[in-house]
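Me: I have a model open and would like to go through it with you. Could we begin with what holds its interior together?

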Amino acid sequence: MDQIEWLEKWYQKTCNRHREHFYGIEIGTLDNPGWYINIDLRETQYESLKMDEIKKEGDCDWMRCVISDGIFKGVGDCLKLKEIIQVFKDVIEGK
């Protein structure tokens with residue numbers, strides 16, 4: 001199963017006919033260019049989850065992932081969307 005399919009299934013599991021009306025997943029593009037993804041963990045079993053910040057810095061090879069205020073936040077260059085989702089998956093699965 002690839003990262004996108006895993007994220008779809010994770011989101012489906014967190015839907016409870018209430019939560020999805022207020023919290024969810026936001027994926028978009030940045031103008032530097034790159035990706036961002038915000039995954040709201042509130043009202044899930046993961047809302048108090050913590051992680052060490054992950055940071056890669058480079059001109060065209062960069063990424064940053066952190067959980068802040070119950071939201072997983074990932075940003076990265078144009079080729080990092082799947083890697084950001086993989087970081088989220090690893091945190092959720094305790095890897």
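Me: Which residues touch the most other members of the largest nonpolar core?
Reply: This is a predicted model. Its largest nonpolar core has 19 residues, and Leu7, Trp10, Ile39, Phe72 and Phe88 touch the most other members.

Me: Which elements give two or more residues to this core?
Reply: They are helix α1 (3–14), strands β2 (34–40) and β4 (63–68), and helix α2 (81–92). The largest share comes from α2, with 7 residues.

Me: What is Leu7 in contact with, leaving aside its neighbours within four places in sequence?
Reply: Leu7 is in contact with Ile25, Ile27, Ile37, Ile39, Ile85 and Phe88.

Me: On to the sheet. How many strands form it, and in which order?
Reply: The open sheet is formed by 5 strands in the order β1-β2-β5-β4-β3, with antiparallel pairing. Strands β1 (25–30) and β3 each have a single partner strand, so they stand at the edges and one side of each lacks a neighbour in the sheet. From one strand to the next, the twist averages 15°.

Me: How many bridges pair β3 and β4?
Reply: These two strands pair over 3 bridges, in the antiparallel sense. Within that pairing, Lys55 has Arg64 in β4 as its bridge partner.

Me: How many salt bridges does the count come to?
Reply: The count comes to 7 salt bridges.

Me: Which pair links distant parts of the chain?
Reply: Glu83 and Lys56 do, and their side chains meet in a salt bridge at 2.5 Å, N to O. Glu83 lies in helix α2 and Lys56 in strand β3, 27 residues apart. Glu83 is partly exposed, with a relative accessible area of 29%, and Lys56 is partly exposed as well, at 36%.

Me: Which residues do salt bridges with shared partners join into one network?
Reply: Asp61, Asp77 and Lys80 are joined into one network in that way.

Me: What about Arg42: which side chain does it meet in a salt bridge?
Reply: Arg42 meets Asp40, at 2.5 Å from N to O.

Me: Is Asp40 buried or exposed, and why?
Reply: Asp40 has a relative accessible area of 8%, so it counts as buried, the cut-off being under 20%.

Me: Is Asp69 buried or exposed?
Reply: Asp69 is exposed, because its relative accessible area is 69% and the cut-off for exposed is over 50%.

Technical notes
Residues numbered from 1 in each chain as written. Predicted model: local features only at pLDDT ≥ 70, side-chain atom pairs only at ≥ 80, totals over all residues. Heavy atoms only, no water. Core = buried A, V, L, I, M, F, W, Y, C linked by side-chain atoms within 4.5 Å. Buried < 20%, exposed > 50% of the residue type's maximum accessible area, 1.4 Å probe, protein only. Helix = DSSP H or I, 4+ residues; strand = E, 2+ residues; numbered from the N terminus. Contact = heavy atoms within 4.5 Å. Salt bridge = Lys/Arg side-chain N within 4 Å of Asp/Glu carboxyl O. Pairing = 2+ DSSP bridges. Axes fitted to C-alpha atoms, helices over the stretch in contact; angles between N-to-C directions.
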